[in-house]
Amino acid sequence: MAKLLLYLTLATSLIPLFSVAFSPENPTDRRVLVLVDDFAIKSSHSLYFGSLTSRGFQLEFKLADDPNIGLQRYGQYLYDALVLFCPSVERFGGSIDVASIVDFVDSGHDLIVAADSNASDLIREVATECGVDFDEDPAAMVIDHINYAVSNFDGDHTLIASDDFIKADVILGSKKIEAPVLFQGIGHSLNPANSLVLKVLSASSSAYSANPKSKLSNPPSLTGSAISLVSVVQARNNARILITGSLSMFSNRHEKSGNEQFLTEISKWVFHERGHLKAVNVRHHKVGESDEPAIYRINDDLEYSVEIYEWSGTSWEPYVSDDVQVQFYMMSPYVLKTLSTDQKGHYSAEFKVPDVYGVFQFKVEYQRLGYTSLSLSKQIPVRPYRHNEYERFLPAAYPYYGSAFSMMAGFFIFTIVHLYSK
Amino acid sequence: MVGKTESQNGAVKATAAPAMNLESDLFSNFSFKSFKLKTKQQELLLRVSILGLVYILAFITRLFSVLRYESMIHEFDPYFNYRTTLFLTEKGFYEFWNWFDSESWYPLGRIIGGTLYPGLMVTAAFIYWTLRFLRFAVHIREVCVLTAPFFASNTTVVAYFFGKEIWDSGAGLVAAAFIAICPGYISRSVAGSYDNEGVAIFALLLTFYLFVKAVNTGSLAWALASAFGYFYMVSAWGGYVFIINLIPLYVLVLLITGRYSMRLYVAYNCMYVLGMLLAMQIRFVGFQHVQSGEHMAAMGVFFLMQVFYFLDWVKYMLSDTKLFQAFLRITVTSAVAVGALALGVGTASGYISPWTGRFYSLLDPTYAKDNIPIIASVSEHQPTAWSSFMFDFHILLFLFPAGLYFCFKKLSDATIFIVMYGLTSMYFAGVMVRLILVATPAVCLISAIAVSATIKNLTSLLRTKSKTAVAGSSKGTGGSKASSKASFDQSQPFQKNGAIALLLGAFYLLSKYATHCTWVTSEAYSSPSIVLAARGAHGNRVIFDDYREAYFWLRQNTPPDAKVMSWWDYGYQITAMGNRTVIVDNNTWNNTHIATVGRAMSSYEDEAYEIMRSLDVDYVLVVFGGVTGYSSDDINKFLWMVRIGGGVFPVIKEPDYLVNGDYRVDKGAAPKMLNCLMYKLSYYRFGELVTEYGKPPGYDRARGVEIGNKDIKLEHLEEAFTTSNWIVRIYKVKPPNNRW
């Protein structure tokens, strides 16, 4: 009994430990669950996994159909990220299914999905949930008769080389990827309804997606640069997803290619080692005061400030940019002003409250490619003048004051004259 | 509970109908014990005691709602008044005066202090502070609930003096008794109906009384009092426009009929000038008295009055009649020309604002229907049905013409006033249901003249024969039907019998009136409408308290800054009871904002979602009567939402929601109707519900049809709360999809 109690105390004291791993204060993922079809991948893709472990990730390998796997226990997520290197799995073991993976992402965790030709319906379904549609033909592969890898020539040109990267240093790192990325697998297209999914690596214009074994009878459904090889999604809650149609891309085989650099850089992005912003100390006050008022008056002069930091993987560094804007917003922005920065992460702007009363919002909508989106809004009512805040004596009204008082005096004199004359 | 209510009902009825019997007993007691009292003193005592009893009666007959339900605020607007009164008592007058309310009309907000008539709130707060000062620990809600009955009692006193001023004290007493229980007035002044009209009718009648008194006496003091009465009226209700137009009209009629006098000159000028200056102190009214087209008649008559005075003076100075005639012609022509020119220039330059839509719709009942759907959509703005005249006035409707006859027979400045008041207000009562209220005092007064005059004639007929005690008691009961001219017969026994028969008939009619009034008050006008009552299958009373259930849910379960979208009817209640921000409310000042909500309600869900996102809506509240058979729900109001929305956003077209001009919700309904947001929110999950035995699931009891779309899926909203009888349904607006 005492032992049980001890275990219980231990378990409960561990729970907070688990939950601190991914926090707003320290956004980099720590615990990663890797689901594989068989453990051979562990060795065949050891370079990639090695780069992850060397950066401090705790990888936990499980078979995808292991009956004991689960993403959460007692309502707490056990992992910060999930890697699906199991393209052929038909049914996950344990409590994992498509819905639980989607919930995992929707609660702010990251996901890497690598499919392959003959990807299972399950993996396709996960991809569809993220706005990516793999080629419907299960045997289809991306074929490119011009940009194929010369080194590994097997005649059907399915190992293609591509260097059509997304132009975003945040996602792919500032160092240019010199060598092309070698890719062998299924292509996918982006769902046009989804505005969050981005093509990171697309095929060249001469590529198409078809079954290399059979003769091409119909025009292929996916062609050219519409084919995406690697795509990423940054969800609205800043969870990041990487989807690709090639598992072999991660493997140790392609030594001379740019694969290693590409995958390392993009996994830094996916696991929030780069491009993660936070905004703190959102403050506003009247010019010359320091306390935040509950309500502003029209035509008040106010100062708005916010501090923005970027996560460098180990610490929060000041984020420097000249395009952060604040809106003073009521159904439409009445004031739109670029915030000036002191290069130390502090952004501020001064402006005058418009001559309109209502319930306004301070809005900062900062959405830049690759960065987590900052969407700050703070509601603040703006009231009109109080009855005693207007000017007391208007120069224009002096004739009226004069007439009123002369009228009174005249009436007084008239009364006296009328009563006492005769 | 039921038994108790019934017994209370009986008790009140007993006091309501034969209140006069009571005081005739009182009278006999007094007369036996202290016969030393002179007749005049006896009469005074009688009058005071009758008036005192009427005063009490007027108060207690309005307490049905408190006995039936509880001490609560009724309906829609009173909740706003209550909320503002609460603010006033908590924060003080200056905060109230400068109150900018960010909880209503999100995100526009509303300057409460500048857009309301503060008379009611200040009155209630004053009563509250007085009671507090006297160490009565009352809650402000109790004061608010009982303000209207208290002022109804005061109105009876004013009615007495008014009747006395126009006719005689007998007519005054009858008028007081009539107005105490007249359903037309009770409908707006039961306990809990804490609305502007509650005090405004008192102020209206007081102003009129004081003005008539001023005209009769020519006294500056009475005119001043009348100006203050007018000030109180302006501070209390927008209906003051009626006063500021009726009094000039009356003055004009007196001028035309050659009844111009110095008394009239003093009374009107003093009342107009001071009343105007005082009224300008109310922020909501401001400079309207000199700038708005509705107030120009009063100003025109004011200047006309000066012209008349001037002419009088010239006539006095000029002895030559011919010269004066020429002068008169020139002066009048030029005065009218100058007036017309000033009006024309003022209107053209925009200094004088044109008439408002509400004013137009009074003069032309079809105007609102064609041009301003938002005014036409309010149920109390509908033209009055004949039955509601019968319902609200009962025998007064027949006594009214008889009273007019008496007034015309004894024409004086005062009777001309009451005749004009009666006729104009009757016209307005025909235009709009709610204006029956304004007509009620006039109808009561004129009917009282009829009753009093007839009974006086009849009893004097009896008295001349033999001085029986019948006279006293029948006078006490007071009242009769008028058309009885046959009694002026020569044959005396027949005359006497006829008079007795007529008196009995009058007594019968008046007792019928009392019964009717009590019945109407208890059955029709004492429902708070926030708590609904229905008869159960076994005749027992079923209470639907869904509104408060929903509002308290909002108060307890939503974030404090949540924004609730609903049709404007429920805005005041949500802010007052739910304490949450609303998009639109019953103060319908911004038509575009209301139209935006109407558009959201009548669009498809995804379009509505965009609109709701742009307004930061967190919750949507709809009222649905399909389960209980409550017919004034949002589906029945929906066509107005379409019309108001379509008035501003032409993408919403009314024919899209109709099938061959029919409004239906069953299988034959228009496809747009079946898929619009309002339909979906009202009938979500309703298709699974069996509401009535022997009917298919999804049978709508309010409209008596099986609904046409039973498989409703919501994409961007989710059900958050539905009250126990499904009357109020609250939906939460989901955040945008995380991955799309």
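Author: Before we start, contact here means heavy atoms within 4.5 Å. Also, this is a predicted model.

Reader: Is D569(B) buried or exposed?

Author: D569(B) counts as buried, because its relative accessibility is 12% and buried means under 20%.

Reader: Switching topic: where does Y525(B) lie?

Author: Y525(B) is in a loop as well, the one between α26 (492-523) and β3 (532-535) of chain B.

Reader: Which residues does Y525(B) touch?

Author: Not counting residues up to four places away in sequence, Y525(B) touches P183(B), I186(B), S187(B), V190(B), F391(B), D392(B) and V520(B). Y525(B) is buried, with a relative accessible area of 19%.

Reader: How far apart are Y525(B) and S189(B) in space?

Author: They're 9.2 Å apart, C-alpha to C-alpha, though 336 residues separate Y525(B) and S189(B) in sequence.

Reader: Now the surface. Which residues gather in a patch of negative charge?

Author: That patch brings together D606(B), E607(B), E610(B) and E715(B).

Reader: Which helix is D606(B) in?

Author: D606(B) sits in α30 of chain B, which covers residues 605-614.

Reader: And how exposed is D606(B)?

Author: Partly exposed: D606(B) has a relative accessible area of 44%.

Definitions and conventions. Residues are numbered from 1 along each chain as its sequence is written. Chains are lettered from A and ligands numbered from 1 in the order in which they are written. This is a predicted model: local features need pLDDT of at least 70, side-chain atom pairs count only at pLDDT 80 or more; totals for chains, interfaces and linings use all residues. Side-chain values use heavy atoms; hydrogens and water are left out. Patches are made of residues with over 30% relative accessible area and no salt bridge: like charges are joined within 9 Å, nonpolar side chains (Val, Leu, Ile, Met, Phe, Trp, Tyr) within 5 Å. Accessible areas come from the Shrake-Rupley method with a 1.4 Å probe; for residues, only the protein chains shown count as cover. A salt bridge is a side-chain nitrogen of Lys or Arg within 4 Å of a carboxyl oxygen of Asp or Glu. Lys and Arg count as positive and Asp and Glu as negative; His and the chain ends are not counted. The place of a charge is taken as NZ of Lys, CZ of Arg, CG of Asp or CD of Glu. Helices (H or I, at least four residues) and strands (E, at least two) are DSSP runs, numbered from the N terminus. Buried means under 20% relative accessible area, exposed over 50%, partly exposed in between (1.4 Å probe, protein chains only).
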